[in-house]
Amino acid sequence: MAAKVMDFPVKNPFSCASRTSQNLGKVKFFAIRCSVSVSPDTMIVSGSGQRPWKIADARLVLEDGSVWRAKSFGAMGTQIGEVVFNTSLTGYQEILTDPSYAGQFVLMTNPHIGNTGVNLDDEESRQCFLAGLVVRSLSISTSNWRCKQTLGDYLEERNIMGIYDVDTRAITRRLREDGSLIGVLSTEDSKTDEELLQMSRTWDIVGVDLISGVSCNAPYEWLEKTDPEWEFITNGRAGENLHVVAYDFGIKHNILRRLASLGCKITVVPSTWPASETLKLKPDGVLFSNGPGDPSAVPYAVETVKEIVGKVPVYGICMGHQLLGLALGGKTFKMKFGHHGGNHPVRNLRNGRVEISAQNHNYAVDPASLPEGVEVTHVNLNDGSCAGLAFPALRIMTLQYHPEASPGPHDSDPAFSEFVELMRKEK
């Protein structure tokens, strides 16, 4: 390291002299020359063996041919999935453990993710089912009293890929304009962009049974209620002595907690559980849960729903709503980019109330295809799509969104009490 003193004439900033008579002073500058050996090819500091900062080591290649360079966190490797964007500001851990995201890369539009870390209390299922996570800025630190682990470590342990330092706004605009796209996420240098592009163009999520990969394998009884610290209802015994059989198409734990908090006895059964076995349990009601993918790809589930409808009160949430629509003779269709987020306004047409809802689905029921007697009870105010149905003659109620989530924070929770009331009337 060497230093050289240099004299440079400058105008004296404190001089009051006229322009024709200016005093010039001298300021001494030090030019410091540092000698650090850095390889221009690898940008590795000599002797350290490590880069002084993380560089882009991952690619997201979309089926439209665009390639997005990014930095990786979580697991490494190559993964394929459908890219969807989620507009939630918080709740990324609930999103990660929502089975309805199976087969999808979730892009968070909120730019700063990871600052609250993760904790065991916010899990919505037994594992992470999504294909990967895409964020703009990954927090370098966590600050939350419940934090047990960083987001990066959490994903790495569960073998889930993530990328950051990518232009999520640009990708979101592309998805809004072109619709959901298949993408391939890779950290493997051995794979060319062309190979990854070909992978994205030869894989499809439409028509694939994703439910069977997220459902439980055997029936079990659910006992856990909402933690008293978070409980807000006062009629915790409204569902006492009521037995609910819940079909697990990818069910979220908080759906079960809300029913248990109302006093219901709950038996959870696999997606392939025969309707005859369910009816042998003599339930007071049956819940058809949320789940991933295309409802038309699971005809066995539609047949199960058909065999149960009309025999006991039923409640369908998300995928359950779509399966009930198909069972009633209606049609479903794939939306352009779906609804994913915790800020979707829904109007309850029965009472005029507007609920702020949490939604996660790429398919919707076409209300025009439903038979006479089916009532549209809720409408999404963003696009006018069907968000809820009722068929009083067959004791059916459905919601396309998630009443157990709390973005409102409790706008939609009364739906569980309505289901309890429906069962009580029947009983």
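Why does Leu381 count as partly exposed? Select Leu381: its relative accessibility is 40%, so it counts as partly exposed (buried is under 20% relative accessible area, exposed over 50%, partly exposed in between, with a 1.4 Å probe and protein chains only).

This is a predicted model, where local features need pLDDT of at least 70, side-chain atom pairs count only at pLDDT 80 or more, and totals for chains, interfaces and linings use all residues. Residues are numbered from 1 along each chain as its sequence is written, and side-chain values use heavy atoms, with hydrogens and water left out.

Stay at Leu381, in the loop between β19 (375-380) and β20 (386-391); strands are DSSP runs of E, at least two residues, and helices runs of H or I, at least four, numbered from the N terminus.

Next, select Tyr247 and Phe249. Their rings form a stacked aromatic pair, 6.0 Å centre to centre with 25° between the planes (rings of Phe, Tyr and Trp, its six-membered ring, pair if centres lie within 6.5 Å; planes under 30 degrees apart are stacked, over 60 edge-to-face, the rest tilted). Both residues are buried.

Phe288 is buried, at 0% relative accessible area. Ring pairs link Tyr247, Phe249 and Phe288 into a cluster.
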